[in-house]
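Dear colleague,

Please find below the structure that I am handing over to you, followed by a summary of what was found in it. I would be grateful if you could read the notes alongside the model.

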Amino acid sequence: MANIFHVPQCIISGENATKSGMELVRSFGKKALVVTDQSMIDLGFLKKLTDELDTDGISYHVYAEINEEPTHTMIDKGVELFKNEKCKFLIGLGGGSPLDAMKAIGAVYANGGSICDYQGKKIEKHLPHMVAIPTTAGTGSEATKVSIITNTDTNVKMLLSDTKLIVDFAILDSDYTLTMPPGVTAATGVDALTHAIEAYTSVKATPMSNLYAVSAIKKIFENLYEVYTNGSNAAARREMSIAAFEAGVAFSNSSVTIVHGMSRPIGALFHVPHGMSNAMLLKVCLNFIKPGAVYKLYELSKEIGAYRVGMTPEEGADAFVTATLALLRALNIKTPMDYGIEKNEFFKFIPKMATDAMASGSPMNTRRTPSLDDLTELYSKFWYESEIEKASRDSEA
């Protein structure tokens, strides 16, 4: 069967990537709406970008009100700003939230209505030109046909998926990632790892998506712990930026699976950032995935150096899972308790989370097809394993 493969039209990476990309940015129009968040101002990253825009004579209006979980009301405001400021194209600067918000603003501006109208729907009209500048190495939004926006009226994270959401230009400037704190480095890195593992084990995986997924997984295993413990390692930061992009390309052209399906309801109900909830869930979901993806995980054990001569496929799959869980422990991924989520509240919403996760369709791409009861059980297991993890850390502190 033939497979269509989509990537951004242009990607620039390496030293001075932002500066070098200005010639192409200038070709998109005279004025940009820069979609970002307050942290980009506080860190000086916005100024780095606007200095380059000023030098090249590109006008802009800054919309810096996006938070970790962009909502449909934020998109509405962005669309109005784009119109009122007479902008011609969009620049997203930040983690996955500003980049996803940028795409959603472009979709509504071009097609009308509300972003809430587009969940599961085809986007008919082409968007304004879009430039994505990621400042974390994790979400891969700079590479994907996906945008995730929370509908605050229904407490549902809407998954928007259409090739028209792929940006025109991705600027992979790893200098932005050098000051990421260890906790953000870990969570975003595991988010990228989750993307790549899900892309590779998805029932919709293709030979092309596998190339990108495997490359990303190898880079992440080689570099994530290093940047977590030594954030100033510029070479490792560059590798992680590329890995996050590769993982985004991989899942955008195959699909995500059970982790993402279960992650979105946690984010919508308890306001846990999407990348963090993915990172939290990977452990329990990987153990669920394994029986249906033994040979896939066996192959990955070879790619990351966990395989030993003579291992059976089952032993190789176990070796990959063991290596992944060891990495997660070393990275001290947060638990739901760290976000102040109360046990009774979490369990009260398990039926809704399981239903919403199943309705998203993502779990059905898993090679071991889950039932609604499986998802319900996995949410419970996730909580209890998180309790054990937190207790273990507290005792060591």
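**Findings**

Ala 192 is placed in helix H7, where helices (H or I, at least four residues) and strands (E, at least two) are DSSP runs, numbered from the N terminus. The model is a predicted one, in which local features need pLDDT of at least 70 and side-chain atom pairs count only at pLDDT 80 or more, while totals for chains, interfaces and linings use all residues. Residues are numbered from 1 along each chain as its sequence is written, and side-chain values use heavy atoms, with hydrogens and water left out.

With a relative accessible area of 0%, Ala 192 is buried; the scale used here calls a residue buried under 20% relative accessible area, exposed over 50% and partly exposed in between (1.4 Å probe, protein chains only). Apart from neighbours within four places in sequence, Ala 192 is in contact with Ala 137, Gly 138, Ile 220, Ala 244 and Ala 247, contact meaning heavy atoms within 4.5 Å. Between Ala 192 and Ala 216, which are 24 residues apart in sequence, the C-alpha to C-alpha distance is 8.0 Å.

**Helix packing**

Two packed helices are described by the angle between their axes and the distance between the axes. Helix H11 (residues 274-289) packs with helix H13 (residues 313-330) at an angle of about 170°, and their axes are 10 Å apart. The axes are lines fitted to C-alpha atoms, for helices over the stretch in contact, and angles run from 0 to 180 degrees between N-to-C directions. H11 and H13 are therefore roughly antiparallel to each other (angles under 35 degrees count as roughly parallel, over 145 as roughly antiparallel, 65 to 115 as roughly perpendicular and the rest as oblique). On the H11 side, Leu 282, Lys 283, Leu 286 and Asn 287 meet Val 321, Thr 324, Leu 325 and Leu 328 of H13. The residues of this contact of H11 with H13 comprise five nonpolar, two polar and one charged; Ala, Val, Leu, Ile, Met, Phe, Trp, Tyr, Cys and Pro count as nonpolar, Asp, Glu, Lys and Arg as charged, and the others, Gly among them, as polar.

**Aromatic rings**

Rings of Phe, Tyr and Trp (its six-membered ring) pair if their centres lie within 6.5 Å; planes under 30 degrees apart count as stacked, over 60 as edge-to-face and the rest as tilted. By this rule there are 16 aromatic pairs. Phe 45 and Tyr 176 form an edge-to-face pair, with 5.2 Å centre to centre and 80° between the planes. This pair links distant parts of the chain, 131 residues apart: Phe 45 belongs to helix H4 (residues 45-55), and Tyr 176 to the loop between strand E8 (169-172) and helix H7 (182-201). Phe 45 and Tyr 176 are both buried.

The aromatic pair of Phe 347 and Tyr 384 is tilted, at 5.5 Å centre to centre and 50° between the planes. Here too distant parts of the chain are linked, with Phe 347 in helix H14 (residues 343-348) and Tyr 384 in helix H16 (residues 372-396), 37 residues apart. Phe 347 is partly exposed at a relative accessible area of 25%, and Tyr 384 is partly exposed at 40%. Ring pairs join Phe 270, Phe 346, Phe 347, Phe 349, Tyr 379, Phe 382, Trp 383 and Tyr 384 into a cluster.

Charges also sit over rings, the criterion being NZ of Lys or CZ of Arg within 6 Å of the ring centre and within 35 degrees of the ring normal. Lys 296 lies over the face of Tyr 200, 4.1 Å from the ring centre. Lys 302 has its charged end over the ring of Tyr 307, at 5.5 Å from the centre.

Ser 386 is found in helix H16 and counts as buried at 8% relative accessibility. Not counting residues up to four places away in sequence, Ser 386 touches Thr 335, Pro 336 and Met 337.

Most residues other than glycine have a negative phi. Asn 155 has a positive phi, near 55°, and is located in the loop between strand E6 (146-151) and strand E7 (156-161). Asn 332, which is not a glycine either, has a positive phi of about 50° and lies in the loop between H13 and H14.

With kind regards
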